[in-house]
Amino acid sequence: MQATAGAVKVDATKMGVGRAIAVLTSGGDAQGMNAAVRATVRVGLYTGAKVFFVHEGYQGLVDGGDNIRPASWESVSMMLQLGGTVIGSARCQDFRTKEGRTKAACNLVKLGITNLCVIGGDGSLTGANQFRSEWGELLADLVKAGKITVDEAKRSSHLNIVGMVGSIDNDFCGTDMTIGTDSALHRIIEVVDAITTTAQSHQRTFILEVMGRHCGYLALVTALACGADWVFIPEMPPEEHWEEHLCRRLMETRGRGSRLNVIIVAEGAMDRHGKPISSDMVKNLVSKKLGYDTRATILGHVQRGGTPSAFDRILGSRMGVEAVMALLEATPDTPACVVSLSGNMAVRLPLMECVQVTKDVTKAMAEGRFDDAIKLRGKSFENNWSTYRLLAHVHPPEAKSNINIAILNVGAPCAGMNAAVRAAVRIGITQGHHMLAVHDGFEGLACGLVEPLTWASVGGWTGKGGSHLGTKRTLPANLIEEISLSIAKFNIHALIIIGGFEAFVGGLELVTGREKYEELCIPLVVIPATVSNNVPGSDFSIGADTALNTITMTCDRIKQSAAGTKRRVFIVETMGGYCGYLATMAGLSSGADAAYIFEDSFNIHDLEINVEHLVEKMKTTVKRGLILRNEKCNANYTTDFIFNLYSEEGKGVFDCRKNVLGHMQQGGTPSPFDRNFGTKMGAKSVLWLTEKLKECYRHGRIFANTPDSACVLGMRKRALVFQPLAELKEETDFEHRIPKTQWWLKLRPILKILAKYKINLDTSEKASLEHIIKKKGLV
């Protein structure tokens, strides 16, 4: 996001007055499209614009009539948790003809619609751009044919187009994630987890074919998230004689004691000569060559189905808001843009540049320039590919480094910790290091609960929740002497501390201890892993995504119950300590009416406004309410207090129920995001330590006492970065265990607008149009 210099304050609630916006979904459906439609409608209405649904995609635009209907606030209620697209999508041949586009233009002009929001894949968005560039010509034809008047043509002289990419394949360049990709991964991982248990029982090899005709993203991330033995993706076909290599790798995996093999195949997989590689081919190869009991499963349309994940709902909602703003700020000179996410930042990208780069990938693959194809897919794809290659490289070097790296978990357990440990151990072994497990956090380190970890001992850890190493909240300050003795006893040269705020504070205490104990002068890295997402130096923590999905799914069920009983308000308490991340994000993903958090202080007057708001809401067709409260948002306004207040004030209008979600938020199997994120963080931390140890090697021993030898590895905006613990001290509120600035607070206004509060949305800080062609350097 970039603030525009000297930006004039605009009243967002008046931006759309006199304007009309139409929203349509086109092409293959994707989970999260409904969230985008809902946000577009509600933010459009909030700005004073008229909003229309276009049913059945471009076909509805061409046919007009009842297919283009006005949207109301209530008409998008309960849409958030539905998969697919409620307004329908269709592949449309008519729109490909000029005659069809002329009809579509006529329908829009008659309704005074000059802003079109298209949610679909690259084909749908290219069609939208063509429609926009021909607009003047189409209007002239309509005037000539007497279908519209000159006045009507004048009033609709220009068509604005904004696209959102809805595609489960994540095949659109310029965007980190397209709407639906995360949900598709959820479906795939559910199946992989289920298949793994049966495969282990029978020592089978399973081949799983996932969607992705031209893009291997789903296959690649699935392979990372389940620790697959091999992955076939269209961007990078296997080398010549891959058949022997594959069989050799499967035998080695079995030789190390594994009871199963998993191979992931993208539906568009091919060899170096462009010949397709199907799951059946691979199955026949494995059963003939190795005689293994082999099964193939083609997932098909299961991947498109089901409820959207929390990430896709938030992505769709954020994109919807950004799309409306982009439409209302567009001028005839602005190129058609797509709104997208880069890291955690909303960005606007020129639509045709993205389409061009997407075509360049296909061209690079056709010409056999596979390295270019992977680069053109973008940074995120490239990182996934290099992490997969590192982990698939299973020949530990002959020469050992004589380096011992210890790994410990600190603080409360969370999903994804084990994935980080597994990646760190395996990358460490490929680097020639000895990897050590420390059980039960700093306490275990002090007591010498240290043992070696092997390649096989972390097999299958990626998909396991909780902490296999065991974790405790104890801080090291009072155990410094015992810890330094253990470090000397086990000859530990570097530490990886995976955990929440205690891991951060513990890391700082070890750095302070360096002054007194030379044994503590070793490089260390903290990997943030906590459901609360409150570790300074990182926008995301491992475990927060899984917890967010758990809360969201529970809220869906609660809303269903409230919708059935009518006139019922649920008050739900979430975890997070003083950090309001879970409450805010779950509020966005489950469509809450309010989310009370510590960082956004509130008083009795605010509570009163919320109650009045719900009383008004009960007069509409949406007779239910959902209120989220972060556990430590206010010492006096407790969950019980808020429940009693709402019960009293809502007497005769609505009744209340309360739910404390508790420790279920820390459990469960890790989400695809947490598996992938944990894997990348674990791998990156060891590679960084390997370099640091070379820098700190003096006179035959390791000595590290500079600030940059003790870092937090965090996700900042668009990259994984190492930041010295000492520097992050300044950015931390130690009393409340949170960073002083938190990026997600910017999303709070969206939550309020989508719940129909007339607050002012600050439009002075808006996403500027970015170019992706020059950024890629390759095109």
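Predicted model: local features only at pLDDT ≥ 70, side-chain atom pairs only at ≥ 80, totals over all residues.
Strands β11 and β12 form a hairpin with 2 residues between them, and glycine 343 in the turn has a positive phi of about 65°.

- Of the 6 residues of strand β11 (residues 337–342), 6 are buried, so the strand is largely enclosed by the rest of the structure.
- Cys337, Val339 and Leu341 point one way from β11, while Val338, Ser340 and Ser342 point the other way, and all of them are buried; in a regular strand, side chains alternate between the two faces of the sheet.

**The sheet β8-β9-β7-β10**

- Four strands form an open sheet in the order β8-β9-β7-β10, with parallel pairing; its edge strands are β8 (230–232) and β10 (294–298), each of which pairs on one side only.
- Neighbouring strands of this sheet are turned against each other by 15° on average, direction ignored.
- Strand β7 (residues 205–210) runs parallel to β10 and is joined to it by 5 bridges, with glutamate 209 having isoleucine 298 in β10 as its bridge partner.
- Helix α7 (residues 217–226) lies across β7, β8 and β9 (261–266), running at about 165° to β9, and helix α8 (residues 242–255) packs on the sheet as well, touching β7, β8 and β9, with its direction at about 150° to that of β8.

**The sheet β20-β21-β19-β22**

- Another open sheet of 4 strands has the order β20-β21-β19-β22, again with parallel pairing.
- At the edges of this sheet stand β20 and β22 (655–660), each with a single partner strand, so one side of each is left without a neighbour in the sheet; the twist averages 20° from one strand to the next.
- Strand β21 (residues 624–630) runs parallel to β20, to which it is joined by 3 bridges, and alanine 594 has isoleucine 627 in β21 as its bridge partner.
- Helix α21 (residues 639–649) packs on this sheet and touches β19, β20, β21 and β22, its direction making about 165° with that of β22.
- In the loop between β22 and α22 (672–695) lies glutamine 666, which is buried, with a relative accessible area of 14%.
- Leaving aside neighbours within four places in sequence, glutamine 666 is in contact with Ala412, Pro413, Cys414, Ala415, Val531 and Met575.

- Isoleucine 264 touches, among others, Leu208, Val210, Ala219, Cys226, Trp230 and Phe232, when residues up to four places away in sequence are not counted.

**Aromatic contacts**

- The rings of tyrosine 578 and phenylalanine 598 have their centres 5.1 Å apart and their planes at 65°, so the pair is edge-to-face, the cut-off for that class being over 60 degrees.
- This pair links distant parts of the chain, 20 residues apart: tyrosine 578 is in the loop between β19 (568–574) and α19 (581–590), and phenylalanine 598 is in the loop between β20 (594–596) and α20 (604–617).
- Tyrosine 578 counts as partly exposed at 26% relative accessibility, and phenylalanine 598, at 26%, likewise counts as partly exposed.
- One aromatic cluster is formed by Tyr58, Phe95, Phe131 and Trp135.
- Arginine 254 lies over the face of tyrosine 292, at 4.3 Å from the ring centre.

Conventions: Residues numbered from 1 in each chain as written. Heavy atoms only, no water. Phe/Tyr/Trp six-rings, centres within 6.5 Å; stacked < 30°, edge-to-face > 60°. Buried < 20%, exposed > 50% of the residue type's maximum accessible area, 1.4 Å probe, protein only. Lys NZ or Arg CZ within 6 Å of the ring centre and 35° of its normal. Pairing = 2+ DSSP bridges. Axes fitted to C-alpha atoms, helices over the stretch in contact; angles between N-to-C directions. Contact = heavy atoms within 4.5 Å.
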